Amino acid sequence: MIDELKKEIEGARQSFVHELESIQSPEQLAALKERCLSRKKGVVGQFLARLKGFLPAEKPLAGQAINQFKEFIETALSEAELAHGATAATGGEWLDPSLPASELPLGRLHLIADIQRQIEELFQNLGYEIAYGPEVELEDYNFTKLNIPEHHPARDEQDTFFLEGFDDLVLRTHTSPMQVRYMLEHKPPLKIISPGKAFRKDDPDATHSPCFHQVEGLLVDRGIHFSHLKGTLEAFCRSFFDPGVSLRFRPGYFPFTEPSAEVDISCFMCSSQRAASTPGRGKPDCRVCKGSGWLEILGSGMVHPQVLRNCGIDPEVYSGFAFGMGIERVAMIKFGVPDLRLLYENDLRLLGQFG
Ligand code: 2NL
């Protein structure tokens with residue numbers, strides 16, 4: 001009798017497999033499930049109903065055979081349901097959920113953000129705080145406190161974005177006003193950098209954009225002099241560009257520093273190709289320095305005593321240095337990007353090239 005049962009179960013198993021293979025839709029699958037597992041009318045239920053006719057000695061074996069059949073059906077059905085369930089969204093098409101997912105491309109920081117963070121990290125390692133500030137600024141902090149006189153061209157509507165209806169506000173034209181804020185709120189010693197966006201009314205070209213990025217640095221303490229500025233900028237440039245770069249300080253002018261200096265680095269492009277040669281003597285055809293051998297990258301100087309005074313710091317007691325650089329310019333030099341606008345077009349084929 002048990003052999004008879006096993007034979008029948010095997011027959012039922014084969015027809016179940018056959019039916020399962022011919023399933024075309026979730027509805028057909030549900031109907032098959034009902035036919036197999038429905039408590040009373042289902043195939044499994046009918047086998048179970050026959051259990052009581054078995055001799056006590058055969059009952060356990062019969063029960064085991066039926067249970068194995070039931071488990072086989074349940075497993076096969078739930079696998080098929082998984083496949084069909086996942087296809088509801090595909091309009092009834094079969095889908096194999098065990099296939100590996102298609103790969104999502106990895107994102108990365110934009111070149112400007114990446115360079116800004118590198119510069120931040122470098123100065124943090126030199127003990128500087130990072131001070132972020134508002135992009136809409138008081139005209140007083142952006143110009144007046146920085147010793148930029150009333151009739152300076154930068155204060156003209158031609159050059160600066162003013163805010164309609166607010167005659168004391170501008171879009172900051174540099175990140176210096178954040179340093180003014182910091183000086184107003186803290187006593188020296190101060191050691192900060194302020195990175196971020198700045199705005200000027202420039203027509204976009206290869207080297208200008210109405211919105212650009214800057215990092216400025218400021219250090220104020222007792223006894224600070226020009227050598228501290230030179231040493232700091234040298235450490236920065238050697239770490240950021242190349243350990244072998246030389247620096248050149250040229251006299252310059254900024255209303256907020258006195259004395260002021262423009263800072264060049266030796267062209268790492270052509271000096272690396274001429275090991276042990278004189279820095280500053282560029283290769284005539286170098287596409288980075290155009291043969292001059294030098295690249296202008298920073299403006300700097302000793303903080304003007306009037307700026308210190310405007311910010312509540314006594315210039316008889318304290319002195320300081322400050323510097324500023326354009327992040328776009330540094331990025332273009334470091335990675336050989338020929339046109340600033342390329343950095344804002346956000347073509348991933350371009351942005352993906354820079355490690
Ligand atoms: C440049 C030049 C510079 C400063 C920025 C500064 C800030 C305060 C006081 C004094 Cl609060 N100076 N900043 C000083 C010299 C140069 O930037 O070419 N930037 C792109």
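A residue counts as buried when its relative accessible area is under 20%, as exposed when that area is over 50%, and as partly exposed in between, with a 1.4 Å probe and protein chains only. The model on screen is predicted, so that local features need pLDDT of at least 70 and side-chain atom pairs count only at pLDDT 80 or more, while totals for chains, interfaces and linings use all residues. Residues are numbered from 1 along each chain as its sequence is written, and side-chain values use heavy atoms, with hydrogens and water left out.

**The ligand and its shell**

Colour next by secondary structure, taking helices (H or I, at least four residues) and strands (E, at least two) as DSSP runs numbered from the N terminus.

Then turn to the nitrogen atoms of the ligand: a polar side-chain atom of Glu216 lies 2.6 Å from a ligand nitrogen, and one of Gln214 lies 3.4 Å from a ligand nitrogen.

**The aromatic cluster**

Now select Phe123, Tyr128, Phe236, Phe240, Phe241, Phe321 and Phe323, which form one aromatic cluster; rings of Phe, Tyr and Trp (its six-membered ring) pair if their centres lie within 6.5 Å, and planes under 30 degrees apart count as stacked, over 60 as edge-to-face and the rest as tilted. Across the whole structure, a search finds 11 aromatic pairs. Phe123 and Tyr128 make an edge-to-face pair, 5.2 Å centre to centre with 75° between the planes, and both residues are buried.

Phe236 and Phe240 are stacked, at 5.5 Å centre to centre and 15° between the planes. About one helical turn separates Phe236 from Phe240, because they are four residues apart in helix α8 (residues 226-240). Phe236 has 0% relative accessibility and therefore counts as buried, as does Phe240 at 3%.

Notes:
A polar contact is a pair of N or O atoms within 3.5 Å; within protein, one must be able to donate a hydrogen and the other to accept it, and residues adjacent in sequence count only if both atoms are side-chain atoms.
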